[in-house]
Amino acid sequence: MPPTNRSGTVSRYGTAAGTGTLAVLVLVGVCGSPLYVGWAEGNTDPNGAGGWFMRLLAWPAWRLSSDDPGQGVLATDLRAILLVILAAALLYLLPASQVARVQGSFSQFFSGWGAYVLAAGLAALVSTLLGPDPSLLAALQSAGTGATYGFLSGWIIGTASLGGRA
């Protein structure tokens, strides 16, 4: 017997957490890539709203190699890695009981958005504390920057979470 949901048919859409996680992977993978980061820095105006937002999307920047021989690729890319892991975990943990009762509601949107804000702030905090020069002040400032990034780009994750099952 095939798996069924409450209505008795198999949905062709994924879960809200699954579609949100896929959106996180795409957002961090594309906008954090060295190609996009270089383009955003070289071709956008930081004093305009559009250019500032395009540069903000590049916040979880990752690299394929480390410039500093003392730091490995993991240390330089820790923020992006933690962002993906924490966002996926929070997308699965936060909305389950609330969203399960109201299918396709805006609670999926706000749960996805909120999960991304928390994940970005936590990823920035932890990556700074585990980084080369950890300090509490730098970690708190980095968490504020991460939360700002999550707040202003989390609507993308929230929108992706809207279409899935709880």
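How many helices and strands does the secondary structure of the protein come to? The count is eight helices and zero strands, where helices (H or I, at least four residues) and strands (E, at least two) are DSSP runs numbered from the N terminus. Along the sequence, this gives the pattern α-α-α-α-α-α-α-α. The model is predicted, so to speak of local features a pLDDT of at least 70 is needed, side-chain atom pairs count only at pLDDT 80 or more, and totals for chains, interfaces and linings use all residues. Residues are numbered from 1 along each chain as its sequence is written, and side-chain values use heavy atoms, with hydrogens and water left out.

Of the 166 residues in the protein, 37% are buried; here buried means under 20% relative accessible area, exposed means over 50%, and partly exposed lies in between (1.4 Å probe, protein chains only). The protein exposes about 9200 Å², and carbon and sulfur atoms supply 69% of that area, as computed by the Shrake-Rupley method with a 1.4 Å probe, with only the protein chains shown counting as cover for residues. Among contacts (heavy atoms within 4.5 Å) with a separation of 6 or more, 71% join residues 24 or more positions apart.

The aromatic residues come next. The structure holds seven aromatic pairs. F109 and F110 form an edge-to-face pair, because their ring centres are 5.1 Å apart and their planes are at 75°. Rings of Phe, Tyr and Trp (its six-membered ring) pair if their centres lie within 6.5 Å, with planes under 30 degrees apart counted as stacked, over 60 as edge-to-face and the rest as tilted. Ring pairs link F109 and F110 with W113 and F151 into a cluster. F109 is buried, with a relative accessible area of 14%, and its C-alpha atom is separated by 9.0 Å from that of A16, 93 residues away along the chain. Elsewhere, the charged end of R79 sits over the ring of W59, 4.5 Å from its centre; the criterion is NZ of Lys or CZ of Arg within 6 Å of the ring centre and within 35 degrees of the ring normal.

Helix α5 (residues 78–93) contains A89 and A80. A80 is buried at 6% relative accessibility, whereas A89 is partly exposed at 35%. Leaving aside neighbours within four places in sequence, A80 is in contact with V28, P60, A61 and W62. A89 and A119 are 30 residues apart in sequence and 8.8 Å apart, C-alpha to C-alpha. T128, in helix α7 (residues 106–129), is buried at 18% relative accessibility. Not counting residues up to four places away in sequence, T128 touches P134, A138, A139 and S142.
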